[in-house]
Amino acid sequence: MRHGYAGNRLSDPMKDTKRQLTVSGKKEVVEIAKSLKKLGVKFNVIFSSPLARAFQTAKIIAEEYKLTEQIEQSEDLKPNGSKDSLYNKLSKLNIDSVILIVGHEPYLSSMINDIISSNNDADRNYNKNNNNIILKKAGLSRIKITSTVPKLKGELRWLLTPRILKKIA
């Protein structure tokens, strides 16, 4: 899941890490959390970027699901974080884990494309430079992981925009 709306990016990178969700951004994430619950979407672990807007998004979802103790902040989910390190952490989780990952663009779209692309290195490099999937703010995708060895691989099950999710609530 991409974090909710947090206004415009700030020019100072240190201040931007503290940028929080706007009032409308918070409201939208609350609506989406209710929609996900109504749809029967379940998860038992939440990984979040430590940047304020992503962590706020994760907390709102966690509160709706009563999972506030299951949020784990990961430096790997910062915009310049290491996907390989994140994949390594994910591969060590229980096979029955259902994980919500809350982060940023273009990191999340690149990760989705990487996981669902073919095993061919040339194709994977092509997809990294030409992301075909782009998450809107507060957008969400579901991927079923099919393999963790030698690399994290999976199947895209669905991709939902905030507009669709809010209509469900």
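Start by selecting Thr57 and its surroundings: leaving aside neighbours within four places in sequence, Thr57 is in contact (heavy atoms within 4.5 Å) with Met1, Arg2, His3, Gly4, Leu21, Val29 and Val102. Keep in mind that this is a predicted model, where local features need pLDDT of at least 70, side-chain atom pairs count only at pLDDT 80 or more, and totals for chains, interfaces and linings use all residues. Residues are numbered from 1 along each chain as its sequence is written, and side-chain values use heavy atoms, with hydrogens and water left out.

Is Thr57 buried or exposed? Thr57 is buried, at a relative accessible area of 0%; buried means under 20%, exposed over 50% and partly exposed in between, with a 1.4 Å probe and protein chains only. Now colour helix H3, residues 52-65, where Thr57 lies. Helices (H or I, at least four residues) and strands (E, at least two) are DSSP runs, numbered from the N terminus.

Next, show the open sheet: three strands in the order E2-E1-E3, with parallel pairing. Two strands pair if DSSP finds at least two bridges between them. At the edges you'll find E2 (71-73) and E3 (99-102), each pairing on one side only. Zoom in on E1 (residues 45-48), which four bridges join to E3. Pick Val45 there, and its bridge partner in E3 is Ile99.

Last stop: select helix H4, residues 83-91, and highlight its buried Lys83, Leu86, Tyr87 and Leu90. Look down the axis of H4: the buried residues fall within an arc of 100° (taken from the directions from the helix axis to the C-beta atoms), so they line one face of the helix. What do they pack against? Show E1, E3 and helix H5 (107-116), and you have the partners of those buried H4 residues.
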